[in-house]
Amino acid sequence: MNKDYLNSDIKFNKEVFKTPENYFDNVKEQIYAKTIENKDGQMQSRVALWTIVKPQLSLVASFAIIFFIALFVIDKTKEITPILGTADTSSYIYTIEEGFLKTNFIDFIDPSDSSNYREEIPQDQLAEYIKDNIDIITIALLD
Amino acid sequence: MTDRDIIDGLMNNGNRDHLFRLIVDKFSERLYWHVRKMVVYHEDANDILQNTFIKAWRSLDSFRGESGLYTWLYRIATNESLTFLKRDKIKTFFSFTDSYKNVEDRLNADPYFSGDETQKLLYKAILSLPPKQRAVFKMRYFDDMKYEEISEVLNTSVGALKASYHHAYQKIQKIIEDSV
């Protein structure tokens, strides 16, 4: 069976606590000074709740500010990324909206047409096309 | 001068300053020890005692003498102690520190505590109790008050007080048991 410490070993006696010398005489004088001699009876200054929570609130506010800055930056990055990733599409859409389509001579060539169309292609346009589409042409040649 | 004489003096517009001096003179020491056993530290007990008398002074006109002078002051002191303990609990919570370690450090450094290791252990355990539970434990264990008397002071049912004391007793017993 467990020992009942509270009923056996530990006995409270007032001597456990001490007070400063002449404490009771002094405290009475202090009480009189704050009551009878000072009719306003100002309360002892207490630590206000605001004083207690102020440092913690500052900390929380700092974290909140950092969080919102991070959120703002992430949002901005998200907005920028699609623009960068779809630059060609945007430009395409922009061109359509303006009523124009960026075309190339190749768009008008019908491979099934046996007419001698090559002669009608200006050399400078052909050179420009090859320069712009060298990757596609290379792949097509490999096939 | 008896308590009755002081009350009669207050009721009959006697010299308030003189009567209040008598009240402070008569009850300050008893009230100090009541508060000290609740809050343990001298500085805290000193603040609470002074606030108790300041409140009593402010509400002297509303005292109707329906209860005894000491009972009236005892209630004010208990309420002040409980308010202090609750505020202290909030302060400890928001300080993000180890409350048990704080208690231990403060008790070890307290020049007005002269208990041996076992008594120190008891007070550390008491300081870990929630404010109201601590008040119930103090009144029952140290002051041998009846549950009905505690009920009047704390305005809580006897059943709730019995349960609260039982929990406090078991908790302190366990803390001591684990440490011995």
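**A walk through chain B**

Mentor: Let's begin with B:S67, which counts as partly exposed because its relative accessibility is 22%. Here, buried means under 20% relative accessible area, exposed means over 50%, and partly exposed is in between, using a 1.4 Å probe and protein chains only. Before going on, please keep in mind that this is a predicted model, in which local features need pLDDT of at least 70 and side-chain atom pairs count only at pLDDT 80 or more, while totals for chains, interfaces and linings use all residues. Residues are numbered from 1 along each chain as its sequence is written, chains are lettered from A and ligands numbered from 1 in the order in which they are written, and side-chain values use heavy atoms, with hydrogens and water left out.

Where is B:S67? You will find B:S67 in the loop between α3 (42-58) and α4 of chain B. Helices (H or I, at least four residues) and strands (E, at least two) are DSSP runs, numbered from the N terminus. Setting aside its neighbours within four places in sequence, B:S67 has contacts with B:I7, B:W72 and B:R75; contact means heavy atoms within 4.5 Å. B:S67 and B:I7 are 60 residues apart in sequence, and their C-alpha atoms are 9.9 Å apart in space.

B:I7 takes us to helix α1 (residues 3-11) of chain B, where B:I6, B:I7, B:G9 and B:L10 are buried. Viewed down the axis of α1(B), these buried residues fall within an arc of 160 degrees, so they line one face of the helix. That arc is taken over the directions from the helix axis to the C-beta atoms. The buried residues of α1(B) pack against α2 and α4 (69-94) of chain B. After α1(B) comes B:N13, with a positive phi near 50 degrees.

The largest nonpolar core has 72 residues, and B:F20, B:I23, B:F53, B:Y123, B:F137, B:L154 and B:I172 have the most contacts inside it. A nonpolar core is a set of buried Ala, Val, Leu, Ile, Met, Phe, Trp, Tyr and Cys residues joined through side-chain atoms within 4.5 Å. Helix α2 (residues 16-39) of chain B gives the largest share of this core, eleven residues. As background, nonpolar side chains in soluble globular proteins tend to be buried together. Apart from neighbours within four places in sequence, B:F20 touches residues of chain A, namely A:I31, A:T35 and A:I36, along with B:F53, B:A56, B:W57 and B:L60.

In the loop between α2 and α3 of chain B sits B:V40, which has a positive phi of about 75 degrees although it is not a glycine. B:V40 is buried, at a relative accessible area of 0%.

Further along, helix α6 (residues 117-127) and helix α7 (residues 131-142) of chain B pack at an angle of about 140 degrees, with axes 10 Å apart. Axes are lines fitted to C-alpha atoms, for helices over the stretch in contact, and angles run from 0 to 180 degrees between N-to-C directions. α6(B) and α7(B) are therefore oblique to each other: angles under 35 degrees count as roughly parallel, over 145 as roughly antiparallel, 65 to 115 as roughly perpendicular and the rest as oblique. B:L122, B:Y123, B:I126 and B:L127 of α6(B) make this contact with B:R134, B:F137 and B:F142 of α7(B).

α7(B) also meets α9(B): their axes come within 9 Å and cross at roughly 90 degrees, so the two helices are roughly perpendicular. Among the residues in this contact are B:Q133 and B:F137 of α7(B) and B:S164, B:H167 and B:I172 of α9(B). B:Q133, in helix α7 of chain B, is buried at 15% relative accessibility. Beyond four places in sequence, B:Q133 is in contact with B:S164, B:H167 and B:A168.

For a contrast, look at the loop between α8 (147-154) and α9 (158-179) of chain B, where B:N155 lies. B:N155 counts as exposed, at 72% relative accessibility.

Stepping back, chain B has nine helices and zero strands, and 50% of its 180 residues count as buried.
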